[in-house]
Every structure is written in structure tokens, then in C-alpha cells.
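This report covers a metal site, a sheet and a helix. The structure comes below.

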Amino acid sequence: MKLLSFKFDGQVKFGPKVKKEEAVWDVLAIQETLQVLPSFPSTIIEGISLGFDFVEQTRKLVDAAQKSENADQYKHTFKEIEWLSPIPRTPKNIMCIGKNYNEHAKEMGADAAPEHLMVFTKSPTAIAADEATLPVHANKTSMLDYEGELAVVIGKRGKEIPKGMAYDYVFGYTIGNDLTARDLQSKHKQFFLGKSLEGTCPLGPYLVSKDEIPDPHVLSVVTKVNGEVRQNGSTKDMMFSVAELISTLSQHVTLEPGDVILTGTPAGVGKGMTPPTFLNAGDEVKISIEGIGTLTNRFA
Ligand code: MG
């Protein structure tokens, strides 16, 4: 199921994409009007904490709407809504993995990917939506760079999760752009400031439940800047697998529903180009991951 979060009539809502239509089912409106279920989550984080039951409950609501008198009243076309990040606000900082692809580690000046997970975080205030126009922050950085990444969304609270159980804790996947102010990343002796400027964590467009992506290590990741292919990688080349990321992170921090893990970026970032080429106002970045869709942002 492809879920999205959106604003309609000033309200934050969520729902599944209508199959073969550029529209979303307003499941909160279906439940409110038709009272299909004894109860239904009011936020997407509450929903994903129910695991696959959330997908099944959502399907029941859509079925009921389709059988009702006027199914169209429960749909909003994409033109009528304001897109939000599928997870509008994570419960804690977004957890990010650095140098998880060998070729990217090399273009950043390292000999190879690190032996142990390289972890840093981004502030949840950096989260932005698909199709949003994002600031280049010209007064703070002259080196804003893109990083197309598979994002894992946690669906179940857990700590010290064994690798073999890791996928039980995944709700699904989305696309992230780990936008980075390279100059701030090196000026201060940590990554937090260079990774947390407002708008530097667009996520979306969809949160795809894990039943649609049985193996997250067979997906192509393609980033285009103004139509030019810059990154053309595959999640098969991750040094540490999604299961390893979840297991290792959860040894130290309790994972919660709605937490997002950015799994690292393949080679082809602007810093690795000759000469290094950073984002400017007017640029458009499109990141496509198989089975999820395309995350599009323009810069101003
Ligand atoms: Mg990254």
C-alpha cells in the first residue's frame, strides 16, 4: 500500500493513493461518515504502530467507500491537496548512515567504507515534502549537496533487536534526500548543523508498506539534477544491510514507530564531481527508487 500524508481544508490527513488515479482516499472522512470500524487511528504514526493491521484497516475503509453511494466524495485529487512528508514529524532525530556505499566513501576522500557504522542525525525540523520548493540557504552555505537515499520507516518500538528479527520492526520505506551543507559539515566538528538546515530532509512521496518491497536490497536509486543523471546506484551495494542498521542502532537507542533511518547514498554526489558542483537556486532534484516513486524538489 502506498500511503501519503497531506493537508486538506487546513487539516493534516493521511490515506492510500487511489489505484490508477492521481488522487488519495480520505480514510479519516470515510471512517467519520460511514463508521466502518470500531476505531481508527487519527495520525499516521498511530496507524503504523499497528503494523500490518493498519494496512488491513485502511483497505476495509477503502472497500466500504467503493461500495457506498458516492465513492468520489472520499477522494481528493492531487491538485486539491498540499503534500506533506509521509511522516510529517519523526519522534526523534532522523538517524542517518554515512558512507554506506564503497564508491561514495571513495568519492568523499576515504579509502573505503568504515569498518563500523558511521551514524549521525538530522533535526526533525529539517523534514520537508515532495514537490516543496526548498531554500538553498545562500546566507549560510555555498555548498548545498544532494544525497538520494532509501529511507526505512520503523513501525514497532524495540531495543537490542537481533539482526534476524529486524524486518519485524520495519513498517515500510520511502525516499529521502539527505541534503547537506558541506562547508558547515566540515567547519563544525560534527555533522548536525550541516545536516539540519530547514528543508534539508525531504521525504516522500509515498510511504510504501513493506509487503510491497519484500527485499530492500534490489532497488535502483537514481538522482537527477535538472534532468541530468548524477547518481545511478542500487541498494544491493550497501555495505551494511537494512537489518544490520536496525540491529546496531537499536543496541544503543530505542527505536519507535515513525522513526526514520536514512540508509546512506550511492556515489555521484556534487562534492565528488570535478569540479565539485553544488545546488543553486532554480535547480530541480529528482530521486527515484524502484517500487516507491520519485521525490521531486526545486530550490530557490
Ligand atoms: Mg547521507
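## Metal site

Donors are N, O and S atoms within 2.8 Å of the metal (3.2 Å for Na, K and Ca); water is not among the atoms, so sites may look incomplete. This is a predicted model: local features need pLDDT of at least 70, side-chain atom pairs count only at pLDDT 80 or more, and totals for chains, interfaces and linings use all residues. Residues are numbered from 1 along each chain as its sequence is written, and side-chain values use heavy atoms, with hydrogens and water left out.

Glu147 (OE), Glu149 (OE) and Asp178 (OD) coordinate the magnesium ion at 2.0 to 2.1 Å. Along the chain, the donors follow the spacing E-x1-E-x28-D. Both Glu147 and Glu149 are buried (under 20% relative accessible area; exposed is over 50%, partly exposed in between; 1.4 Å probe, protein chains only).

## Sheet

Strands (E, at least two residues) and helices (H or I, at least four) are DSSP runs, numbered from the N terminus. Two strands pair if DSSP finds at least two bridges between them.

An open sheet of 5 strands runs in the order β9-β19-β18-β15-β16, with mixed pairing. Its edge strands, β9 (133–134) and β16 (228–234), each pair on one side only.

Strands β18 (residues 284–289) and β19 (residues 293–299) are antiparallel, paired over 6 bridges. Ser288 has Thr294 of β19 as its bridge partner.

## Helix α3

In α3, the buried residues include Phe54, Val55, Thr58, Leu61, Val62 and Ala65. They lie on the same side of α3, because they cover an arc of only 125° around the axis (taken from the directions from the helix axis to the C-beta atoms). Exposed Lys60 and Lys67 sit on the face turned away from the buried side of α3.
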